[in-house]
Amino acid sequence: MKRLKSSLAVALSVAAFAPVANAKDLRWSHSADITSMDPNAHYSTINGSFLGNVYESLVRYDKQMKLEPALATSWERIDENTWRFKLREGVRFHNGNPFTADDVVATLLRASEENSAYRPATFWIADVKKVDEYTVDVLSTKPHATALNDLSGVFIMDKEWLTEHGALKSANMAKGEKSYVSDNANGTGPFKLVQRRPDVETHLTVNPDWWDKAEHGITNVFYRPITSGSTRVSALLSGEIDLITPAPLQDEARLNQADGIKALAGNNTRFYMLNFNVAAPELKDSNIKGKNPLASVKVRQALYQAIDFKLLTSKIMRGTSKPSAAFVAPEVQGYGSRLEQPPASYDVNAAKSLLAEAGYPDGFELGLECPNEGYVNGEQMCQAVAAMWGKIGVKTKLTITPYSNYAKRVLSKELDVFLNAWANTPQLDAFSLLNNVIRTGGTWNPGGYSNSKIDALIGQVQAEQNMERRIDLIVDTLAAYQQDFGGISLFTEPFVWGMKKNLDIIPAADGRVRLYWAKLN
Amino acid sequence: MLPFLLKRLFQALIVMLVVALVAFSLFRYVGDPINNMVGEEVGNEYRQQLREELGLSDPILVQFTSFVQRIAVGDFGVSFRNAVPVSELLMERLPATLELVMCATILALLIGIPFGVYSGIHRRGLLTGIVQVVSLAGLSLPSFVVGILLILLFSVQLGWLPSYGRGEVVKLGDWSTGLLTLSGLKSLILPSITLGLFQMTLIMRLVRAEMLEVLRTDYIKFSRARGLSDKVIHFKLALKNTLIPVVTIMGLQIGSLIAFAIVTETVFQWPGMGLLFIQAINFGDVPVMACYLVLISLMFVAINLIVDLLYYAIDPRLDWNSAAAGGHAK
């Protein structure tokens with residue numbers, strides 16, 4: 001009874017002082033919750049996006065998507081395997097501890113050990129050495145040109161805090177490991193964690209001792225995931241939420257018309273493409289037995305020429321994207337404007353004659369698989385592509401599956417043609433695409449595309465240390481992939497953010513919400 | 001009564017095992033959770049290693065046997081999505097769902113029964129006509145449409161009620177309740193209506209149909225002849241007899257309300273078990289899905305047992321030995 005009485009007292013006081021949203025609070029709703037407060041626990045965009053406001057890295061992106069100093073003030077390459085960073089002095093963590101070289105060493109080692117889920121960004125780190133209190137050397141196993149890009153995604157944590165809570169070794173969420181760091185945060189960033197209620201709300205408050213100039217004017221941030229797109233939009237319209245990411249594409253006009261609300265549209269670096277299964281001796285969903293039509297470059301070119309890209313982007317994507325033949329977004333290192341020259345034009349008759357030349361005058365059957373979520377209008381786009389291929393005689397059997405199922409089937413090499421998307425984040429460097437999707441044996445190359453000339457180019461890219469030459473090489477590689485019709489390049493992913501009119505925020509191409517670039521008026 | 005209970009418990013165990021086995025076999029088709037757990041750039045060898053460590057590459061029967069063994073000692077495993085023990089996750093979300101279901105059921109009963117009785121007594125009339133039309137709408141509209149319409153009207157246009165979430169909740173020990181705060185109560189209104197609308201209209205029509213039938217029986221005629229007042233006839237005699245089918249239906253409905261409040265919880269972002277379940281499906285979070293289904297089958301079995309026991313409370317003429325009777329006492 002006593003407990004009930006005191007609980008009632010708590011309840012009444014909570015009700016009385018329930019946080020009323022005042023003008024300086026930002027209530028932000030995303031479609032999914034972050035999975036952990038530990039920056040090294042899960043290699044995901046939303047975690048990186050949210051935690052980028054609590055933690056910081058040695059270098060960060062500026063508003064033009066170029067790297068600028070953050071926790072490191074300058075850096076130089078001492079030899080081909082060593083990067084020396086000079087650290088910013090006078091920076092403190094949220095708990096008051098000073099930021100020094102020890103913290104960088106501990107964090108980078110934590111992020112690069114075997115068990116860390118963050119290894120894809122840190123596999124190249126051989127060792128990290130403290131030179132003095134504010135200088136750190138990062139040694140790589142092999143010369144690594146994108147070291148800075150990779151480090152932009154590694155958030156620095158406080159060594160003493162980690163040691164105090166037994167979290168010096170990273171906990172891999174995939175194995176069910178959890179640590180103190182999963183629910184608590186201690187960073188150097190513009191906001192600090194107040195309370196985390198998973199799947200309900202995460203509460204941040206401004207860090208008054210941030211080293212950088214804070215112009216955002218935000219006092220508190222309430223992060224509340226809302227899965228249903230329509231509910232998220234309703235919450236914004238009813239005034240319960242101030243910022244929603246993303247808003248469904250079709251609601252852009254409605255949000256702009258509503259009082260006090262506006263919608264910001266943009267394109268992020270996630271690039272859509274279609275990939276082929278070229279290595280299978282026989283296609284699973286085809287009537288052609290004994291050989292694989294997709295192994296012939298003429299067939300692939302025919303499939304390319306059958307697609308009316310302008311129609312896809314203007315009607316299916318409602319003009320929110322432009323067709324691009326580049327396979328990567330303009331903000332990604334390795335993009336070249338000459339890649340925008342399509343390798344072939346939209347020509348149904350040419351496509352039909354190519355098919356005949358390749359030995360399929362009557363066309364053939366083909367399977368196309370797409371997920372029903374995770375891609376903006378992906379399902380409708382695949383339906384359109386299937387119809388376009390039908391016009392040249394390629395009877396396409398379209399299958400739409402839930403994303404988890406789809407990803408499994410892609411990687412198990414069962415599909416003839418599938419929809420793929422690659423963002424190249426957080427490095428914003430096209431080597432990610434080259435290494436994982438195009439290279440022989442790449443994890444996301446289940447179609448077995450293998451071109452020795454392109455593989456050789458990729459090897460050169462990896463070894464090249466001169467940035468300009470390297471970018472030229474990447475453009476050459478992508479051009480070769482394009483000419484060989486290894487995949488069909490579609491367009492970059494459009495996104496819409498909805499927000500109150502008094503919030504100015506810059507939608508970054510890497511899809512990250514940087515609240516310190518925002519301004520709450 | 002004891003042999004009756006024991007027999008039912010034994011049947012319950014068999015039902016739950018079968019549900020678990022079927023659920024397990026289905027999980028092969030929900031996709032590979034490994035892809036959702038690791039980043040895109042992670043290599044194949046690492047994925048395979050992880051798959052083996054989590055036991056996901058063992059044959060289905062092996063996975064199932066180890067699952068049953070673990071459940072027997074109360075170890076429900078750890079969620080793939082948030083690395084939290086599954087039992088902890090489910091217990092944390094249970095109060096939200098149970099509170100919602102309780103409010104929806106009470107609403108359904110409080111509105112459904114009186115209106116059902118009224119439309120049974122006054123077979124033709126304006127109010128009865130309105131009740132019939134509304135109940136038809138409630139039965140035909142899918143719950144997400146109802147939910148979204150309510151949000152549009154009450155949150156967006158009028159701004160009276162919140163459009164998502166549970167509001168401020170108070171923790172009483174292990175239980176968290178929204179009934180003690182104003183924002184919690186306001187948040188309960190729209191989801192309860194959405195969830196309870198189908199039940200409400202179902203009860204309305206059911207009670208009306210039963211009342212119509214009961215009012216034609218002989219003993220009602222004789223009570224009228226004896227001069228008993230309308231109030232006594234309608235509410236003391238007739239209503240009691242209409243309740244048995246209502247109790248049966250409500251029993252079944254409560255089970256499915258708890259299990260499948262998924263749509264309502266998704267629309268209103270209600271942090272209950274339904275939302276957890278749909279998130280687990282999208283992620284391929286097998287431990288959560290498996291335990292959830294076993295828990296639900298336990299709940300259905302328990303509720304139906306209670307329903308059967310309630311029959312005896314309502315109708316003293318029924319006999320223990322004709323167990324699982326159900327239906328009308330005449």
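Chain A contains 16 helices and 18 strands. Its radius of gyration is 25 Å, close to the 24 Å that the globule rule gives for 521 residues, so chain A is as compact as a globular protein of that length. The model is predicted, and chain A has a mean pLDDT of 89. Chain B has 13 helices and two strands.

**Confidence in chain A**

- In chain A, 95% of the residues reach a pLDDT of 70 or more.
- Among the elements of chain A, strand β10 (residues 220-223) has the highest mean pLDDT, 95, and helix α1 (residues 2-16) has the lowest, 45.
- Over residues 6-20 of chain A, pLDDT stays under 50; the model has 15 contacts beyond four places in sequence for this stretch.
- Where pLDDT is low, the predicted coordinates should not be read in detail.

**Overall dimensions and burial**

- The C-alpha atoms of chain A fill a box of roughly 80 × 55 × 45 Å along the principal axes.
- For chain B, the C-alpha trace spans about 85 × 55 × 35 Å along its principal axes.
- Of the 521 residues of chain A, 52% count as buried; for the 330 residues of chain B the figure is 39%.
- Counting contacts with a separation of 6 or more, residues 24 or more positions apart supply 69% in chain A and 71% in chain B.

**The sheet of chain A**

- An open sheet of 10 strands in chain A has the order β8-β9-β10-β1-β11-β16-β12-β15-β13-β14, with mixed pairing.
- The edges are β8 (191-197) and β14 (394-401) of chain A; each has a single partner strand, so one side of each is left without a neighbour in the sheet.
- Neighbouring strands of this sheet are turned by 25° against each other on average, direction ignored.
- Strands of a sheet pair through backbone hydrogen bonds, either parallel or antiparallel.
- A parallel pairing occurs between strand β1 (residues 25-30) and strand β11 (residues 243-245) of chain A, which are joined by three bridges. Here A:Ser29 stands opposite A:Ile244 in β11(A).

**Strand β12 and its two partners**

- Strand β12 (residues 261-276) of chain A is mostly covered, with 13 of its 16 residues buried.
- Strand β16 (residues 487-500) of chain A runs antiparallel to β12(A), and 12 bridges join the two. A:Lys262 stands opposite A:Met499 in β16(A).
- Strand β15 (residues 417-422) of chain A also pairs with β12(A) in the antiparallel sense, over six bridges. A:Phe276 stands opposite A:Val417 in β15(A).

**Nonpolar cores**

- In soluble globular proteins, nonpolar side chains tend to be buried together.
- The largest nonpolar core has 139 residues, of which A:Trp497 and B:Leu100 touch the most other members.
- Helix α8 (residues 182-214) of chain B supplies the largest share of this core, 13 residues.
- Beyond four places in sequence, the contacts of A:Trp497 are A:Leu243, A:Ile244, A:Thr245, A:Pro246, A:Ala247, A:Ala263, A:Leu264 and A:Pro507.
- A second, separate core has 73 residues, including A:Cys370, A:Tyr375, A:Trp422 and A:Ile458.

How values were computed
Residues numbered from 1 in each chain as written. Chains lettered and ligands numbered in written order. pLDDT = per-residue confidence, 0-100. Helix = DSSP H or I, 4+ residues; strand = E, 2+ residues; numbered from the N terminus. Contact = placed C-beta atoms within 7 Å. Buried ≥ 20, exposed ≤ 12 C-beta atoms within 10 Å, placed from the backbone. Pairing = 2+ DSSP bridges. Core = buried A, V, L, I, M, F, W, Y, C linked by C-beta atoms within 7 Å. Axes fitted to C-alpha atoms, helices over the stretch in contact; angles between N-to-C directions. Rg over C-alpha atoms; globule rule 2.2 N^0.38 Å.
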